[in-house]
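Q: I would like to learn how to read a structure like this one, one feature at a time. Could you show me the model and then take me through it?

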Amino acid sequence: MKSIIDILIYAHDGRGLGHVSRSVAIGLAVRRLFPHLSVLLVTGCGATAELIGEGELDWIKLPSYKTKISCGKSCGDLGPSNIDDKVLGTVRAESLSDLVDVYKPKVILADHTPQGKHKELLRAVEGSTDSKWVLGVRAVVGDVDKVWSELSADTFTSRYSDILWYGDSSVTGSSELDKLSKHFQKIPFEAGYVSRFKELRNIVTDVCTHKKLAGVVSIPWSGEGTSVLLEKVAEVLGGFDISEGIWKVYMNHRDPRACGVKKSFERHSNVYLEQLGPSFLTDLANSRSAIIYGGYNSLTDVMGAGVPSVVLLRGMKDGEQEEHAAILSKFSSAIVNVFPEDGVTVEALRNSLEKCLKTKVEPSDMVLNGAANAARYLAELAGVRDANG
């Protein structure tokens, strides 16, 4: 087999940015540590270029999935291409199989599940005989049926050789590692937490850390209760005196649902609305506080930046965010308070932000260099000697 690509990275997409953010961070780390290796990221996430920012990482855009939330459970919806969710899975399966056949990657890293969303990796897995397949899994998987299914285990056993676990057992304990080992019949490699913030800091060196901003708010996607929450956030931020500094609210302004709440923020002179993009991490590093949702990527962002934060939970049925935020809040002073999205009050938000503005985040021993550790592991599988150097 004559490989054109050394490492191909497949990123699960559909709702949030966590899966793609981790994949971007690992791809950037490979390119930084092993610039002679060829790396290609494949995903349907439309925000990928913004996540890569100034980094050196090539990628291919697939038609996007779109997910809506109903009673805390994800379900498919028509995406930007207006193709039915299940049909799109079939179409993408053919594209992914063709990509693997043409580029013949030495190593393929698949995020989240061995079979891919809507089983779209199965055709590529079955048709690829020479590539080394690696599964990448977040620190706390949660009650995700597609991960813990018999199909997932069988697909891994038949074709995959390794698992990268993006967690730190000194923080979470070994229960998740034990569960993964039992399900996939393979002991995972403990890479540590993957922080896109820390990886991009290796690229963007002029990040100001004088903490001049009062804070940042990150709303990467809209759900059932987002508009009500944003009205509360607008009221709270507008109530702070301008002497505390500026607040920046990062949203996806391309989302039609964002238009309805913009006026709530625009009436306050101390609040600025921003489009989701690379500048968020620069502003986060320059902030004294933050309001984030409890996804893996956002949690690693604030821990990496050392910014005291209010964490909001969307109440998904898989329970991943609740479990993960509860664990991390015991180990990182960056997580000041945790609230359910639909239960937090204006008073609680304000009190928590006031607490954040007075909090100094203490250094933590938590492993946040998982992107670099994963990059070295993948490089070694691709044939690079002394990849741990």
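A: We begin with a definition, which the first case needs: a salt bridge is a side-chain nitrogen of Lys or Arg within 4 Å of a carboxyl oxygen of Asp or Glu. Please keep in mind throughout that this is a predicted model.

Q: With that cut-off in hand, which side chain of opposite charge is nearest to Asp 301, and how far away is it?

A: The general idea is that side chains of opposite charge can pair when their charged atoms come close. In this structure the nearest side chain of opposite charge to Asp 301 is that of Arg 196, at 4.4 Å, whereas the rule asks for a distance within 4 Å. Asp 301 is therefore without a salt bridge although it is buried.

Q: Where is Asp 301 found, and which residues is it in contact with, leaving aside its neighbours within four places in sequence?

A: Asp 301 belongs to helix α12, which covers residues 296–305. Once those sequence neighbours are set aside, its contacts are Arg 196, Phe 197, Phe 280, Leu 281 and Leu 284.

Q: How many salt bridges does the rule give, and what does the one between Arg 92 and Glu 120 tie together?

A: The count comes to nine salt bridges. In one of them, the side chains of Arg 92 and Glu 120 meet with N and O 2.8 Å apart. Arg 92 lies in helix α3 (residues 85–103), while Glu 120 lies in the loop between β6 (107–111) and α4 (122–127), so the pair ties together parts that are 28 residues apart in sequence. Both Arg 92 and Glu 120 are buried.

Q: How many residues apart are Arg 350 and Glu 354 in helix α14?

A: They are four residues apart in helix α14 (residues 346–358), and so about one helical turn separates Arg 350 from Glu 354. Their side chains meet in a salt bridge, with 3.1 Å from N to O. Salt bridges can also be linked in a network, as they are for Lys 248, Glu 274 and Asp 283.

Q: Turning to the strands, in what order do the seven strands of the open sheet lie?

A: As a general idea, strands of a sheet pair through backbone hydrogen bonds, either parallel or antiparallel. Here the order is β3-β2-β1-β6-β7-β8-β9, and the pairing is parallel. The edge strands, β3 (58–61) and β9 (189–190), each pair on one side only.

Q: How many bridges join β7 to β8, and which helix lies across them?

A: Strand β7 (residues 132–138) and strand β8 (residues 160–166) run parallel and are joined by six bridges. Val 137 stands opposite Trp 165 in β8. Helix α5 (residues 150–159) lies across β7 and β8, and it runs at about 120 degrees to β8.

Q: Finally, how many disulfides does the structure hold?

A: The number of disulfides is zero. Cys 45 counts as buried because its relative accessibility is 7%, and Cys 356 is buried with a relative accessible area of 0%.

Terms used:
Residues are numbered from 1 along each chain as its sequence is written. This is a predicted model: local features need pLDDT of at least 70, side-chain atom pairs count only at pLDDT 80 or more; totals for chains, interfaces and linings use all residues. Side-chain values use heavy atoms; hydrogens and water are left out. Helices (H or I, at least four residues) and strands (E, at least two) are DSSP runs, numbered from the N terminus. Buried means under 20% relative accessible area, exposed over 50%, partly exposed in between (1.4 Å probe, protein chains only). Lys and Arg count as positive and Asp and Glu as negative; His and the chain ends are not counted. Contact means heavy atoms within 4.5 Å. Two strands pair if DSSP finds at least two bridges between them. Axes are lines fitted to C-alpha atoms, for helices over the stretch in contact, and angles run from 0 to 180 degrees between N-to-C directions. A disulfide is a pair of cysteine sulfur atoms within 2.5 Å.
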